[in-house]
Amino acid sequence: MTSESLIEAVEKASSPDELVKAVWALSGSQSEDAIPTLIQVLGFNNPGAAIAAVEGLVKLGDVAVPILIRDLDGYDYGARAWAIRALSRIAHPDALDILTEAAAHDFALSVRRGAAKGLGDLRWEKLPPEAQEGAQKKVLETLKQVAKKDEEWIVRYAAIVGLESLAKQALTEEIKTFLQELEKQEKDLTARSRLRLAFTNQE
Amino acid sequence: MTAYNAETAIAHLNQTEDLSLRYYAAWWLGKFRITDSAAMTALLNALEDEADRSPDGGYPLRRNAARALGKLGNPQAVPSLIENLNCSDYYVREASAQALEEIGDSRAISPLLALLEGGVEAAKPMPGKPHLVQPYEAVIEALGSLGATIAIAQIQPFLDHPVEKVQFAAARALYQLTKEEKYGMRLVEGLKAEKLPLRRSALMDLGATDYLDAGSAIAQTPAENSLKLIALKGLLENHLQHQDQPLSPEAVQLLTLMDSLL
């Protein structure tokens, strides 16, 4: 099927089930023309369809990044959470500013946690060498703030996951020290368990 | 305008002129877990309120007061909450059962058990209402959390109650009370329900247990990641039982699943 007819099938889907199937088909087409439609689906409040759309966007990769950034929905936090998750998984550093802003300041915890995790995984080699260190430091500062101050356990948890990933690529010793400090103040049992897992992984 | 604080909330709850201020204040005290004795007294008073009545005879203020008292977790509220298990308002009975579960006081066991009288036979829909004659789900869940092994035989038949959420509540409680795998598996089965609200319900029920085998099924359920994360957190913390100990392989597996859902 042409991408045009696949897009049409998504637009005309008349039941949630049909929609999910149509979105998987469109995702599978891996056509760049599908990108705006896949992004639209993130706002349909249908988790099954959104998962399918995210998978398609992630597989398309870097080419979807500028459009995801352009179309990021400022009003629908559900849609924004899915888009941030897609950007996080594509991990192109062009999303750095959006992800730091989202991790630190978005009012929706699903957005903050997706961004915090994604910040740790960015593909630094896509940046010019002279820009890498500054960007990594910015990520470190953001994640430290989030891990210390966010009021939601799951966002602090996600920041720990982000810091652990970042430490695999850069700033390792500094992150290790920070996480050990953090363990003394973290009250949530699950977040504390995640810290312990990070220590085990680092050994 | 001064900021809304505990003092304001207590004052609002203690006055009787403006019912809507009382209603909000009761909710607020629970939400922000204001545990001082003036708040307790005001809430206990509100739990006996006769003034705030809804058109169908309900007691909106009592509902909020019961919910708040559950969040405060003070056993001082147990006798009044037990009394309200017999309130004419279904939603007060439901909120009271949930509050008694949260407080975790075993004095609530036999009064809760009394609401199961007549068994599944009696557990019919309330004519003209969107609920059953008693808040069975809340009652059965509370009995499970309170460790009421004495209730096992009475809960068992509810596995076959026509309302699926009640079946799940029974499976959850029976798992908590017996640790038998078949009850955990019944909940995992529930994750495959066609309707999203039912899958959500099964998720929350699993999160109340330590049935660790449910981990990957939870992660794969078509439902919001937020709920799946809460369910996995519940499993993990019930597994750790609030002890600091080295992480077991099962705990690591749960954490890894959580990572994938961020």
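## Getting started

Helices here are DSSP runs of H or I with at least four residues, strands are runs of E with at least two, and both are numbered from the N terminus. This is a predicted model, in which local features need pLDDT of at least 70, side-chain atom pairs count only at pLDDT 80 or more, and totals for chains, interfaces and linings use all residues. Residues are numbered from 1 along each chain as its sequence is written, chains are lettered from A in the order in which they are written, and side-chain values use heavy atoms, with hydrogens and water left out.

## The largest pocket

A pocket is an open set of points on a 1 Å grid over the protein atoms alone where a 1.4 Å probe fits, with protein on both sides within 12 Å along at least five of seven lines; lining residues have an atom within 4 Å of a point. The largest pocket has a volume of about 1,100 Å³, counted as the space filled by probe spheres set on the points, which are joined across faces, edges and corners. Its lining has 27 residues, with E101(B), E102(B), R172(B), M204(B) and A208(B) closest to the centre.

Helix α15(B) gives the most to this lining, five residues. By class, the lining of the largest pocket holds 13 charged residues, 10 polar and four nonpolar. Here Asp, Glu, Lys and Arg count as charged, Ala, Val, Leu, Ile, Met, Phe, Trp, Tyr, Cys and Pro as nonpolar, and the others, Gly among them, as polar.

## The second largest pocket

The second largest pocket contains about 430 Å³ of space. Among its 22 lining residues, N45(A), Y77(A), G78(A), W82(A) and E224(B) are the closest to the centre. Helix α6(A) gives the most to this lining, with six residues.

## Rings that meet

Rings of Phe, Tyr and Trp (its six-membered ring) pair if their centres lie within 6.5 Å; planes under 30 degrees apart count as stacked, over 60 as edge-to-face and the rest as tilted. Over all chains, the structure holds nine aromatic pairs. Y77(A) and F107(A) have ring centres 5.6 Å apart and planes at 75°, so they are edge-to-face. Y77(A) lies in helix α6 of chain A and F107(A) in the loop between α7 and α8 of that chain, so the pair ties together parts 30 residues apart in sequence.

In chain B, Y4(B), Y24(B), W27(B), W28(B) and F32(B) form one aromatic cluster.
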